[in-house]
Amino acid sequence: MKKIFVVGITGASGAVYGVRLVQQLLLHDYKVHLLVTEAGWQVFREELEWDTSDRDAVIQEHFPSVNGELHYHTLRDFTAPVASGSYRSDAMVILPCSMGTMSGIAHGASGNLLERTADVMLKEGKKLVIVPRETPLNVIQLENMTKLAQAGARIVPAMPGYYHKPRTMDDIINFVVGKVLDTLDVPHELFRRWGE
């Protein structure tokens, strides 16, 4: 049975990380439930220069389900399977995770489908990976990260390493996405490991 992952993309800078993660999961034959916040759609437009006027077309163009299976849900769709603890998803990644979304999850707000799904992962004891992309951090943000880590989430900041001698932007993106895939126990060859 193929693993099922939920990926949330929020309005923090670095949407390309989330895009690359979804593409890698689909390439390796996993089922992916994709959630994108309104601010995430804005970052697609501003950073990636995508025309987001037709969101279905964006999903089809940039997230081709060549091997895997993609399901896109709007944030108001609380009937989506991922909103329930009885649905058997394996893990959720929020990449990048804005400080607003992180605060909502840390305080159990469940104000949209992304926050609700993260809450489900925590209450069911499933893997929740938060990838913050913010600097500098204030004490409230650090406390929210601590609260989530104490609740069982993994915090994987978008901090690329340089020991593999990256030469391109893709090398840096792949390092961060590769670290997330490592956290999910998903095999990949996105970067050269230390000692290899």
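The model is predicted. The chain contains 7 helices and 6 strands, arranged along the sequence as β-α-β-α-α-β-β-α-α-β-α-β-α. Its radius of gyration is 16 Å, close to the 16 Å given by the globule rule for 196 residues, so the chain is as compact as a globular protein of that length.

**Overall dimensions and surface**

- The C-alpha trace spans about 40 × 40 × 35 Å along its principal axes.
- Buried residues make up 51% of the 196 residues in the chain.
- Among contacts with a separation of 6 or more, 75% are made by residues 24 or more positions apart.

**Nonpolar cores**

- The largest nonpolar core has 39 residues, and the members that touch the most others are Leu21, Leu25, Leu34 and Phe63.
- Two or more residues of this core come from each of the strands β1 (4–9), β2 (31–36), β4 (91–97) and β5 (127–132), and from each of the helices α1 (15–27), α2 (38–47), α3 (55–62) and α7 (169–183).
- Helix α1 provides the largest share of this core, with 7 residues.
- Beyond its neighbours up to four places away in sequence, Leu34 touches Val7, Ile9, Val22, Ile59, Phe63, Leu70, His71, Tyr72 and His73.
- A separate core of 25 residues lies apart from the largest one and includes Ile4, Ala80, Met102 and Met145.

- Helix α4 (residues 99–106) is mostly covered, with 6 of its 8 residues buried.
- Those buried residues are Met99, Thr101, Met102, Gly104, Ile105 and Ala106.
- The elements that cover them include the strands β4 and β5 and the helices α5 (113–123) and α6 (139–151).
- Within α6, Gln141 has a relative accessible area of 14% and is therefore buried, the cut-off being under 20%.
- Outside the four places on either side of it in sequence, Gln141 is in contact with Met99, Met102, Glu134 and Pro136.

**Cis peptide bonds**

- The Leu95 to Pro96 peptide bond is cis, with omega near -5°, and Pro96 belongs to strand β4.
- Thr135 and Pro136 are also joined by a cis peptide bond, with omega about -10°; Pro136 is placed in the loop between β5 and α6.
- Pro136 is one of the residues in contact with Gln141.

**Positive phi outside glycine**

- Glu49, which is not a glycine, has a positive phi near 60° and is found in the loop between α2 and α3.
- The relative accessible area of Glu49 is 70%, so this residue is exposed, the cut-off being over 50%.
- Ser110 also has a positive phi, of about 50°, without being a glycine, and lies in the loop between α4 and α5.
- With a relative accessible area of 22%, Ser110 is partly exposed.

Methods
Residues are numbered from 1 along each chain as its sequence is written. This is a predicted model: local features need pLDDT of at least 70, side-chain atom pairs count only at pLDDT 80 or more; totals for chains, interfaces and linings use all residues. Side-chain values use heavy atoms; hydrogens and water are left out. A nonpolar core is a set of buried Ala, Val, Leu, Ile, Met, Phe, Trp, Tyr and Cys residues joined through side-chain atoms within 4.5 Å. Buried means under 20% relative accessible area, exposed over 50%, partly exposed in between (1.4 Å probe, protein chains only). Helices (H or I, at least four residues) and strands (E, at least two) are DSSP runs, numbered from the N terminus. Contact means heavy atoms within 4.5 Å. The radius of gyration is taken over C-alpha atoms; the globule rule is 2.2 Å times the number of residues to the power 0.38.
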